[in-house]
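Please look over the model shown here, beginning with the surroundings of its ligand and then moving to a few local features of the chain.

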Amino acid sequence: MRTKRFAAIALGAALAVTLAACGGEGASGGDGNESTSSSSAAQSSGEQAAGDATAAGDKTVGVAMPTETSERWIADGNAVKSQLEKLGYKVDLQYANDDIPTQSQQIDQMITQGVSLLIIASIDGTALSSQLDAAAAKKIPVIAYDRLINGNPNVDFYVTFDNYKVGVQQATALLVGLGFLNADGSDASNPPSDPVNIEVFAGSPDDNNAGFFFNGAMDTLKPYLDDGRIVVPSGQTDFDTVATLRWSQEAAQTRMENLLTSTYSGGTKLQGVLSPFDGISRGIITALQGAGFGPKLTDGLPVVTGQDAEIASVTLINQDVQQSTIFKDTRKLAAQAVSAAQDFLAGKAPEPNDTTTYNNGVKVVPSFLLESDIVYKDDIKSLLVDSGYYTAEQVEKGQ
Ligand code: GAL
């Protein structure tokens with residue numbers, strides 16, 4: 001199956017150099033070799049890194065990550081830390097266990113201890129205003145990492161993926177799995193002739209990204225819902241009803257179990273579930289299998305989408321259980337955050353590639369958006385193994 005790649009925003013040459021300078025760290029934190037690094041680029045950026053290390057002196061960068069319960073944030077934290085350390089910076093990396101007061105305290109402490117810059121992946125995008133004000137008072141630049149921080153002017157830069165397109169990709173994968181589209185996005189020659197039943201899940205309502213994913217997905221599904229080719233038998237399609245607080249796997253499993261009881265116990269078929277995140281996908285799959293579906297796609301398990309290419313889900317995709325995920329390369333996101341950090345610490349403003357999309361309620365935050373890829377079973381090797389993100393053994397074992 002061919003990978004449907006949305007050429008969202010091309011990576012700039014600067015990012016390629018940064019990636020080369022940083023080497024590639026796979027999701028597991030192991031040493032992967034970036035396919036983007038030619039030996040001469042690696043050599044010259046290695047020299048540059050040595051110079052930067054001197055310039056970095058003993059500056060500390062505070063890195064606030066939301067949780068260690070999801071493996072992607074561990075990969076993000078490790079990648080940001082190791083790339084900054086290679087450039088000579090000290091790093092104060094903290095995880096907040098998905099607890100808002102813990103994250104606020106961690107950032108307060110970083111500011112008190114005199115960090116030179118903050119990189120923050122927020123838990124609740126609206127809960128950090130006093131921290132951002134304190135950072136601004138001390139002229140500490142703030143980079144929002146993957147999740148936008150809302151309601152405050154003191155967010156200096158935002159590094160993320162094209163989140164609306166991630167939602168489009170999730171719905172596209174669902175439409176491929178249901179037989180409406182071919183893997184290249186073109187219309188299937190023999191689509192389902194009867195209405196197809198799905199249910200939809202969204203992410204955490206306090207995470208700005210969740211709305212972007214949901215809107216991208218629902219806009220893509222809209223023509224099919226409007227003309228009845230796809231039906232949501234529970235009738236639950238508005239964001240607030242289908243949202244999953246803190247992206248919780250357990251909450252998703254419970255909601256899916258409830259849906260199965262309320263809507264499907266009388267024999268109504270369920271063919272697909274739109275899921276915005278691999279943890280939620282695994283909760284949904286557990287509920288479905290517990291109710292007797294599957295256990296595999298080939299045995300009638302509904303098509304379940306995902307996001308983040310977490311290893312547990314990649315293994316499920318390899319085993320024909322989860323249908324797809326969206327790969328957002330944490331090494332590239334980390335490299336972009338590090339590149340922006342270097343610019344700020346050198347007194348320069350980083351170059352955004354989007355200055356219109358991400359309004360945080362107070363201002364449009366200059367952003368750098370990266371591209372993402374749909375991963376079906378046939379793409380695991382080319383996208384995840386060949387790029388050094390995971391080893392074939394990890395894909396086999398699921399860890
Ligand atoms: C979002 C992020 C997703 C996923 C989710 C749950 O903010 O963009 O990729 O990781 O959080 O952690």
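An N or O atom in the side chain of K328 is 2.7 Å from an oxygen atom of the ligand. Taken alone, the ligand exposes 300 Å², of which the protein buries 99% (accessible areas by the Shrake-Rupley method with a 1.4 Å probe).

## The shell and the pocket

The residues around the ligand, each with a heavy atom within 4 Å of it, are R72, W73, D146, R147, D207, N209, F213, W247, F277, Q307, D308 and K328. This shell divides into six charged, four nonpolar and two polar residues, where Asp, Glu, Lys and Arg count as charged, Ala, Val, Leu, Ile, Met, Phe, Trp, Tyr, Cys and Pro as nonpolar, and the others, Gly among them, as polar.

The ligand sits in the largest pocket, meaning that more than half of its atoms lie within 2 Å of the pocket's grid points; a pocket is an open set of points on a 1 Å grid over the protein atoms alone, where a 1.4 Å probe fits, with protein on both sides within 12 Å along at least five of seven lines. The elements that give two or more residues to the shell are α3 (71–86) and α7 (208–226), with helices (H or I, at least four residues) and strands (E, at least two) taken as DSSP runs numbered from the N terminus.

## Local features in loops

S234 lies in the loop between β9 (230–231) and α8 (239–242), and its side chain makes a polar contact of 2.6 Å with the side chain of E199. Leaving aside residues up to four places away in sequence, S234 touches E199, L259 and T263 (heavy atoms within 4.5 Å).

The peptide bond from G294 to P295 is cis, with omega near 20°, and P295 lies in the loop between α10 (278–290) and β11 (303–304). K139, in the loop between α5 (129–137) and β6 (142–145), has a positive phi of about 55° although it is not a glycine.

## Basis of the values

Residues are numbered from 1 along each chain as its sequence is written, and side-chain values use heavy atoms, with hydrogens and water left out. Because the model is predicted, local features need pLDDT of at least 70 and side-chain atom pairs count only at pLDDT 80 or more, whereas totals for chains, interfaces and linings use all residues.

Note on methods: A polar contact is a pair of N or O atoms within 3.5 Å; within protein, one must be able to donate a hydrogen and the other to accept it, and residues adjacent in sequence count only if both atoms are side-chain atoms. On a 1 Å grid over the protein atoms alone, a cavity is a set of points where a 1.4 Å probe fits but cannot get out, and a pocket is an open set with protein on both sides within 12 Å along at least five of seven lines; lining residues have an atom within 4 Å of a point.
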